[in-house]
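Here is the note on the two-chain model that you asked me to look through.

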Amino acid sequence: MERAEKVGLGVAAAGHLVLFGLLSVGFLATPNPDKLRATPVEVSLVEDVALESAAPAPAADPAQSIAPEEGPPEDAVPPEPAPAPPEPAPKLQPAPPLPAPAPVPRPQPAPPKPAPQPKAAPKAAPKQPRRPAAEPKAAPKQAQPKAAPKQAAAAPKPTTTAAAKKGTGSTQTAAAARPRGSRLGDDFLKGLSAEPSRSTNPNPPATRVGAQQAANIGAAIQRQIQPCANRQVSPGPGAERIRVAINLRINRDGSLASRPTVRGSTGVDDDNRRYVDRVEDLAVAAFVGCAPLRGLPPELYDVPGGWSNFTLRYKLPG
Amino acid sequence: MNPFFNTDAATLSPVALFLQADWVVKAVMIGLLLASIWTWAIIIAFSRRVARTRREMAKFERDFWAADDIDAFYKVHGTSELPSARVFAAGVSEWRNSTAASPIDKSGTRERLATAMGASVAAEIDHLSDRLNILATVGSVAPFVGLFGTVWGIMRSFTSIASAQNTSLAVVAPGIAEALFATAIGLFAAIPAVIAYNRFSHGVNRVEASLNRFADGFHATLSRQLDGAR
């Protein structure tokens, strides 16, 4: 081995050491595969899966507007008509310029209504001090109290006329006249009425009959026609292998709307080909013979895939 | 284990892969690693030697054709280790032996000169390309050796599947990774060896061609001298 080869050997060994050392300390490390490992998912195997909505989903009626109410309306206190006009008392203290006795009916909803009151009061007030001496003059005094009640009485009129006119307005009559005291108007939400309303949703009660329900209906029909089927006699060997697809049109009460129709036959081979017509007739006869079908779920009658128009397979017993 | 080395299976650590391997695979890996080291040693040494040889040969031939007196030139360069110098020395010694007798057999001398220098060229080329066969061997055999290690390791992995009754990837993956590591080392050793072999074959061929040209030229010179001699 020459000197050059020794040098080369040393360099090569050193290079390999460096390379493998780098790889060993994770120079090209792959990401930790623990993070890539999928967490186990629990899987349960179920026998029956209904992919379609099996239960009827009746469309809900639209909501009704129910607003906070104020309770039974109270009768308006009848405005005392007596005190004001027939009180021509000349010595009347003009102190009550504010028409406190003026009936402030509870159900009066509009606050701006009392506006006339202050209008009346100032009118009367300046009049009083202007003629302090002329006390015997009853004319202005009369005018003032008169005006006040009138104004006050006029205010409640628009709202409580009915109750007020009845005078003795009992709670009953008031309630009958105005059964509801909603704080909100009828149109506080557009499209919602205060009255209960029927749904206008055009969706059928159930979107579709699920596969399991269809199988249940088929089983129920099969069970009911089984007595008729059992009475039938096989026309020949191999006839029981024929399966007839038969279509029923059923009324809502379970009776047949029309004669069942045959949609086709399967399981026909060379042995039983000559019995096909006979078996089809027997199938129709079995359904006609045990015709009124009972106990079918009414909610699945008129939906797509429901039993109003039902196709099932019939085969001779045996 | 060693805190410095990542020995867990999830990394590409060669040490971890080596330590987990079967002893057959370990032997394969060690052999291939040694082959790789030896290959690179040859590559480094050879490339330096060929480059130096060609450089010095070019200088020698320049000096030779510029020299006036062959005997004086022979005194200086007669003992050189250079291939050209060896060929030159072989020619000169054959010339001296053949022209020592008084009636010179010209055609016989020419033949002997050609034979002596051709033999010298062949000897020098043999000496120069001594290590190339190792490169050729490593380049052709290392992939198969690595493949053998891989096949062995994968067989062992499948046995472990059978014994663990579990086909999950976690059972198979480490074994297959360490098995494939054997092929990786084999290719790691073989690819440079093949490349270097082709490249050095070409270099040796060029040296040989250059030596032959020099020998032919020297032979022509001696032949002319022979014609001029009595």
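The numbered points that follow take up chain B and then chain A.

1. This is a predicted model, in which local features need pLDDT of at least 70 and side-chain atom pairs count only at pLDDT 80 or more, whereas totals for chains, interfaces and linings use all residues. Residues are numbered from 1 along each chain as its sequence is written, and chains are lettered from A and ligands numbered from 1 in the order in which they are written.

2. The secondary structure of chain B consists of seven helices and zero strands, with helices (H or I, at least four residues) and strands (E, at least two) taken as DSSP runs numbered from the N terminus. Of its 230 residues, 35% count as buried; a residue is buried if 20 or more other C-beta atoms lie within 10 Å of its own, exposed if 12 or fewer, and partly exposed in between, with C-beta atoms placed from the backbone. Two residues are in contact if their C-beta atoms, placed from the backbone, lie within 7 Å, and among the contacts in chain B between residues at least 6 apart in sequence, 78% join residues at least 24 apart.

3. For "transmembrane region", the UniProt record, an unreviewed entry, lists residues 23–47, 134–155 and 175–197 of chain B; UniProt positions are given in the numbering used here, feature names are shortened, and annotations may be inferred rather than shown by experiment. In the model, residues 23–47 of chain B are 100% helix and 0% strand, with end C-alpha atoms 36 Å apart. Residues 134–155 of chain B are likewise 100% helix and 0% strand, and their end C-alpha atoms are 31 Å apart.

4. The largest nonpolar core has 35 residues, of which Met29(B), Leu32(B), Ala41(B), Ala142(B), Ala189(B) and Ala193(B) touch the most other members; such a core is a set of buried Ala, Val, Leu, Ile, Met, Phe, Trp, Tyr and Cys residues joined through C-beta atoms within 7 Å. Helices H1 (14–20), H2 (23–66), H6 (132–164) and H7 (169–228) of chain B each supply at least two residues of this core, and the largest share, 14 residues, comes from H2(B). Leaving aside neighbours within four places in sequence, Ala193(B) is in contact with Thr39(B), Leu135(B), Val138(B), Gly139(B) and Ala142(B). Apart from this core lies another, of 26 residues, among them Ala214(A), Ile221(A), Val244(A) and Phe287(A).

5. Helix H4 (residues 83–98) of chain B is largely enclosed by the rest of the structure, because twelve of its 16 residues are buried. Among these buried residues are Arg86(B), Phe88(B), Glu94(B) and Trp95(B), and what covers the buried residues of H4(B) includes H2, H3 (70–77), H5 (106–128) and H7 of chain B. H4(B) reaches 22 Å from its first C-alpha to its last, close to the 22 Å expected at 1.5 Å a residue, where the expected span is 1.5 Å times one less than the number of residues.

6. Ala173(B) has its place in helix H7 of chain B, and Ala173(B) counts as partly exposed because 14 other C-beta atoms lie within 10 Å. The C-alpha atoms of Ala173(B) and Ile154(B), 19 residues apart along the chain, are separated by 9.8 Å.

7. In chain A, the 20 residues of helix H7 (residues 211–230) should span 28 Å at 1.5 Å a residue, and the end C-alpha atoms, 27 Å apart, agree with this.

8. Pro237(A) is found in the loop between H7 and strand S1 (243–249) of chain A, and Pro237(A) counts as exposed because it has 10 C-beta neighbours inside 10 Å.

9. S1(A) pairs in the antiparallel sense with strand S2 (residues 261–266) of chain A over five bridges and with S3(A) over seven bridges, two strands being paired if DSSP finds at least two bridges between them. Val244(A) stands opposite Ser265(A) in S2(A), while Leu248(A) stands opposite Phe310(A) in S3(A) and Ile246(A) opposite Leu312(A) in S3(A). The covered face of S1(A) carries Val244(A), Ile246(A) and Leu248(A), and that of S3(A) carries Phe310(A), Leu312(A) and Tyr314(A).
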